[in-house]
Amino acid sequence: MTVRGGRTTGPNGASPELAGLADTVLQPGFVGVEVPDWLRRRLAEGLGGVALYSRNLVDSEQTRALTAALRAENPDVVIATDEEAGDVTRLEALTGSSRPGNLALGAVNDPDLTERVAREIGLDLAEAGITLNYAPVVDVNSDLDNPVVGTRAFGADPRLVARHARAWVTGLQSAGVAACAKHFPGHGATAVDSHDDLPTVAYSAEELAATTLPPYRAAIEAGTRAVMTGHLLVPAYDPDLPATMSARILVGLLREELGFDGLIVTDGVEMPSVAERYGVTGAAVRALAAGADAICVGGERKGPGVVGFMRNAIMGAVADGTLSEERLAEAASRVRRLAAWSAERRRTAGETGPAGRPSGLAAARRALRVRGDGLPLPAAPQVIEFVSETNIAVDRATPWGVAAPLAALLPGTTALRLGSGDPVPPPLEGRPLVIVVRDAHRHAWVSDRLGALLSRRPDAIVVEMGLPGPATPGAVHITTHGATTASGQAAAELLSGRHPG
């Protein structure tokens, strides 16, 4: 050890204090359902956060044991996940969400219900040991072709989205779990998924103020503890840098204009939209320098080495002046502030009161919209479900659909599940036909096969479980506003005319 300027340094010239700051701002993911040895060591050294994904979570008992093991190594660790409780769910990835998602809540348009559902989500997360929820999505879904937002948004009306953003944040945080409004300054007006490439938001500053920003203002007014950046190019504010790396957007817009003083966390810096341009470590350093406080390293980077590379890159950036130590210390202090808020909420968790009657299925029922007559079904139907591609945020293994719950209510129901390469057999004669789709307007192959089936069976019932398009084909058309388990159950009850209890 040597002493430089009154500070003790290690053999590589970096001080333990600086290494601690760099560790504090990282929120990496990992592989497995138990804490790996490398992560235990990093937590003991001061790693400030961990992001959990569905691959880490099996059931409530295992999740509680996992978060307890993480906290045993570092009691102040921020444990994060993105439990949107709609099509994107981590706690219920193996079963599908027992609640409808944002689009369904927006369709019901009852902010009290939204707050109640969010509170129930928060109580589940608090019981599981989660500190920070990367939710709600408060993007305004103003582009029907948007491949990443869709049912994750409350809707396309900025005022409606703002109402429900406020309610969702209030409900979640009443349970002692920090909310994180995303993806700032708004991912809804794009036709590119930032998991794949860098989208451009072509709105003017005036258009942004009128459309994408009101929900963030509402979330901030509701006290959201965090905001997640979007990997978005927004030329109205910065023609050169993505929002995640733009001081004009993170400081000038979010901090100064909108008045947000909480934690700014990045979307996953391993996403190609930024990693292919700057590298994972380069993206992390640039984000911190621009005003971000916590660096999310998502599910795609599986090796522990990336965390060490990122810490070293951050310390190296301080050493060469790319990143000021003051800025890094400010970021670390905001992480610690959120951790302290969470710890206090855990200590007073008993004061929050019970959740009351679960609201998920009731909300899913209220979100259903029906055009046409002819329900309930007169007999057990044939169900054909078309499996279209979803964005990477939606777990591929999460169950969805109407056939399974309908078969439980109407024994004798038969089902086919078809992908884009599967031939469509002739529908069965003498049986009601139910066709289930997901974002049909966004997938030409689904629209084509749906049209072909309806030309043969114009009496068929169509159930749209994704983002509704401009058309409502079928003799009866049911819109669920999401593909959660609760939404599928609600649709099955409507089709069968039966409620299980």
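I looked up Arg-311 first: this residue is buried, with a relative accessible area of 19%. For burial I used these cut-offs: buried is under 20% relative accessible area, exposed is over 50%, and partly exposed lies in between (1.4 Å probe, protein chains only).

**Ground rules.** This is a predicted model, so I kept local features at pLDDT of at least 70 and side-chain atom pairs at pLDDT 80 or more, while totals for chains, interfaces and linings use all residues. Residues are numbered from 1 along each chain as its sequence is written, and side-chain values use heavy atoms, with hydrogens and water left out.

**Entry: salt bridges.** I counted a salt bridge when a side-chain nitrogen of Lys or Arg lies within 4 Å of a carboxyl oxygen of Asp or Glu. By this rule I get 28 salt bridges.

I then asked which side chain meets Arg-311 in a salt bridge. Glu-45 does, at 3.6 Å, N to O. Glu-45 sits in the loop between helix 2 (37-44) and strand 4 (49-51) and Arg-311 in helix 12 (residues 305-320), so the pair ties together parts 266 residues apart in sequence. Helices (H or I, at least four residues) and strands (E, at least two) are DSSP runs, numbered from the N terminus. Glu-45 is partly exposed, with a relative accessible area of 46%.

Next I checked Glu-84. Its salt bridge is with Arg-152, and the closest N and O atoms are 2.8 Å apart. Glu-84 lies in the loop between strand 5 (78-81) and helix 4 (102-108), and Arg-152 in the loop between strand 6 (132-133) and helix 6 (158-174), so this pair ties together parts 68 residues apart in sequence. Are Glu-84 and Arg-152 buried or exposed? Both are buried.

Entry: Ala-153 lies in the loop between strand 6 and helix 6. Ala-153 is buried, with a relative accessible area of 0%. I listed its contacts, meaning heavy atoms within 4.5 Å. Leaving out residues up to four places away in sequence, Ala-153 touches Asn-102, Leu-103, Val-137, Asp-139 and Asn-141. I also took one distance: the C-alpha atoms of Ala-153 and Ala-165, 12 residues apart along the chain, are separated by 9.8 Å.

**Entry: helix 13.** Helix 13 (residues 325-347) has 23 residues. Its span from first C-alpha to last is 33 Å, close to the 33 Å expected at 1.5 Å a residue. The expected span is 1.5 Å times one less than the number of residues. Its buried residues include Leu-328, Ala-331, Val-335, Leu-338 and Trp-341.

Arg-327 is also buried, at 11% relative accessible area. Arg-327 forms a salt bridge with Glu-330, the closest N and O atoms being 2.9 Å apart. Both lie in helix 13, three residues apart, about one turn of the helix. Glu-330 is partly exposed, at 35%.

Entry: Two strands pair if DSSP finds at least two bridges between them. Three strands form an open sheet in the order 7-8-9, with parallel pairing. Strand 7 and strand 9 stand at the edges with a single partner strand each, so one side of each is left without a neighbour in the sheet. Neighbouring strands are turned by 25° against each other on average, direction ignored.

Strand 7 (residues 180-184) and strand 8 are joined by three bridges. Phe-184 has Thr-229 of strand 8 as its bridge partner. Strand 8 also pairs with strand 9 (residues 263-265) over three bridges. There, Ala-226 stands opposite Leu-263. The chain goes from strand 8 through helix 9 (residues 247-257) to strand 9, a right-handed β-α-β crossover. Right-handed means that, with the strands pointing away from the viewer, the path from the first strand over the helix to the second runs clockwise.

In strand 8 (residues 226-229), Ala-226 and Met-228 point one way, Val-227 and Thr-229 the other, and all are buried.

Helix 8 (residues 214-221) lies across strand 7 and strand 8, at about 160° to strand 7. Axes are lines fitted to C-alpha atoms, for helices over the stretch in contact, and angles run from 0 to 180 degrees between N-to-C directions.

Entry: Six strands form an open sheet in the order 11-16-15-14-12-13, with mixed pairing. Strand 11 (369-371) and strand 13 (414-418) are the edge strands.
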